[in-house]
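Reader: I'm new to this one. Can you walk me through the strands?
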Amino acid sequence: MPPPCVDLDARRSVDPAAGPLTYRWRMGDGTTLSGPVVSHCYAERRRYLIQLDVVDERTGRVRTAEQTYPVDFTLEPLVDFTLSTDTVRVGQLVTFDASQAQIPPCTNTIVLWDFRDGTISNGRRLTHAFRKPGRFEVRMSLRANGPDPCPDSHCVSRPVVVVP
């Protein structure tokens, strides 16, 4: 699954009359970046408060919290899963992980798996061994209920090649 990332750009806030400025971005996870344009990826999908401090290079004056940006990755849908390998031998276990999958604002989310070999299962993280060779489009489905407009289901598939 791709990590949650942000791209921030403060170039439009530059005032030439103010003189040279240094931009310090406190990303909310202990990381500090410098520059008018920054990109950052987080290790976890959670809430962060990004703070932009601006330093006037002529005077050394720091304008703390010139801007703040709340970022909440818990509100973004993520319908995806990872697998330990996409090519296996018959009988070899493959780990399927949908632990970060979410469809806010839905509640009571259930993760359903169709391995396309006649086997179905449920759970956020599980293992499966294919009994015969072939190419299987493994399908993970999120189903939930909740407040309007909670969708009935979201699905994603990944191929697994099983060799003899």
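Reader: How many bridges join β10 to β13?
Author: Strand β10 (residues 107–114) and strand β13 (residues 134–145) are joined by 6 bridges and run antiparallel. Strands here are DSSP runs of E, at least two residues, numbered from the N terminus. Two strands pair if DSSP finds at least two bridges between them.
Reader: What am I looking at, and how are residues counted?
Author: This is a predicted model, where local features need pLDDT of at least 70, side-chain atom pairs count only at pLDDT 80 or more, and totals for chains, interfaces and linings use all residues. Residues are numbered from 1 along each chain as its sequence is written, and side-chain values use heavy atoms, with hydrogens and water left out.
Reader: Back to β13. Which residue is the bridge partner of Ile-110 there?
Author: Arg-143.
Reader: Which residue does Asp-114 stand opposite in β11?
Author: Ile-120. β11 (residues 120–122) pairs with β10 over 3 bridges, in the antiparallel sense. The two form a hairpin with 5 residues between them. Arg-116, in the turn, has a positive phi of about 60 degrees.
Reader: New topic. What is the strand order in the open sheet?
Author: The order is β3-β2-β5-β6, 4 strands with antiparallel pairing.
Reader: Why is one side of β3 and of β6 left without a neighbour?
Author: β3 (32–34) and β6 (62–72) stand at the edges and each has a single partner strand, so one side of each has no neighbour in the sheet.
Reader: And inside, how many bridges join β2 to β5?
Author: 6 bridges, between residues 21–26 and residues 47–56, running antiparallel. Trp-25 has Leu-52 in β5 as its bridge partner.
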